Amino acid sequence: NTLDQAFLSDLSCLIPNGHYMATLLKVYPRMKREAHGTEYYKAGLRNISSMRKIEEYIVPIQSSESLNPIAINDYMDRVDLKETPTALSISFLDIKYPLNHFDEIWVYSHFLLDGHHKMFAADKAQKPITLLSFLSIDESFANKKQLEKLFQVLT
């Protein structure tokens, strides 16, 4: 439910070297499949202003077909009991400048490192899940002011 500094320090050995902002987010994943087989989860859409919005995506690195159905059912039972499992991701913010409707679209992408079964189960059960996100400051296509604005909007 909260971010503990000792826990984050333990997890840091899994994350590539760099500068990150760690956040614990509550997401409602909704799986989307492209015609060519690519899978991802839509996790949110928020307006920053009338001409700026944030689109949030979760990108699994493991296909849903490779997941264990027994583990998925176990997590579905847990979320039905009001548990909120937590997944782990490395995330990036990319600022896009489209030609129509919006001046800026902020694409906030979470690349799932752990929690594929949990994420799939939350989608299937239509329940929320928490996502421990390590947002890369170094690799995001956003400046410091935009990163700070992102967290103002999310909290």
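Predicted model: local features only at pLDDT ≥ 70, side-chain atom pairs only at ≥ 80, totals over all residues.
Just beyond the end of α3, Q126 adopts a positive phi of about 55°.

One partner of this helix is α2, and the two can be followed together. Helix α2, covering residues 69–80, packs against helix α3, covering residues 116–125, at an angle of about 60°, and their axes lie 8 Å apart; that angle makes α2 oblique to α3. The crossing in which α2 passes α3 is right-handed. On the α2 side the contact is made by A71, I72, Y75, M76 and V79, while α3 contributes H117, K118, F120, A121, K124 and A125. Sorted by class, the residues in this contact are 8 nonpolar, 1 polar and 2 charged. As background to such patterns, an α-helix has 3.6 residues a turn, so residues three or four places apart point the same way.

Turning to the protein as a whole, its secondary structure comprises 4 helices and 7 strands, which follow one another from the N terminus in the order α-β-β-β-β-α-β-β-α-β-α. The radius of gyration is 16 Å, close to the 15 Å that the globule rule gives for 155 residues, so the protein is as compact as a globular protein of that length. The C-alpha trace spans about 45 × 40 × 25 Å along its principal axes, and buried residues account for 44% of the 155 residues. Of the contacts with a separation of 6 or more, 68% join residues 24 or more positions apart.

Terms used:
Residues numbered from 1 in each chain as written. Heavy atoms only, no water. Axes fitted to C-alpha atoms, helices over the stretch in contact; angles between N-to-C directions. Parallel < 35°, antiparallel > 145°, perpendicular 65-115°, else oblique. Left-handed = near helix turned anticlockwise from the far one by under 90°. Contact = heavy atoms within 4.5 Å. Nonpolar A, V, L, I, M, F, W, Y, C, P; charged D, E, K, R; others polar. Rg over C-alpha atoms; globule rule 2.2 N^0.38 Å. Buried < 20%, exposed > 50% of the residue type's maximum accessible area, 1.4 Å probe, protein only.
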